[in-house]
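Let's work through a few exercises together. Have a look at the sequence and the model, then follow each solution step by step.

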Amino acid sequence: KALGAEVEAEAGDERILISGRTLARNLAPTLALVQEMILEPRLDPAELELVKADVIGDIKDEQGRPNAIAERVMARLT
């Protein structure tokens, strides 16, 4: 069933942000969808492997950049 809604989620070190847009008449089913996303997440194994590879690549790339290393250390200390 199409809701004509847009839901986005992003996570950082200290926060999780969920935002979205929907028509007023679809608010309840959209909130039910958000609840399902939070409480019953489904991860596509192929997509998860792509994300893992991307994160590993980013980590390897940062190992050669002193500024990136300093930012990671500072984030842990503060």
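A patch is built from residues with over 30% relative accessible area and no salt bridge, joining like charges within 9 Å and nonpolar side chains (Val, Leu, Ile, Met, Phe, Trp, Tyr) within 5 Å. Accessible areas come from the Shrake-Rupley method with a 1.4 Å probe, and for residues only the protein chains shown count as cover. A salt bridge is a side-chain nitrogen of Lys or Arg within 4 Å of a carboxyl oxygen of Asp or Glu.

This is a predicted model, where local features need pLDDT of at least 70 and side-chain atom pairs count only at pLDDT 80 or more, while totals for chains, interfaces and linings use all residues. Residues are numbered from 1 along each chain as its sequence is written, and side-chain values use heavy atoms, leaving out hydrogens and water.

**Exercise 1.** Find which residues make the nonpolar surface patch.

*Step 1.* Ile16, Ile18, Leu33, Met37, Ile38 and Leu39 form this patch of about 590 Å².

*Step 2.* Two elements, strand S2 (16-21) and helix H1 (27-39), each give two or more residues to the patch. Helices (H or I, at least four residues) and strands (E, at least two) are DSSP runs, numbered from the N terminus.

*Step 3.* H1 gives the most, with four residues.

**Exercise 2.** Locate isoleucine 38 in the secondary structure.

*Solution.* Isoleucine 38 sits in helix H1, and Ile38 also belongs to the nonpolar patch.
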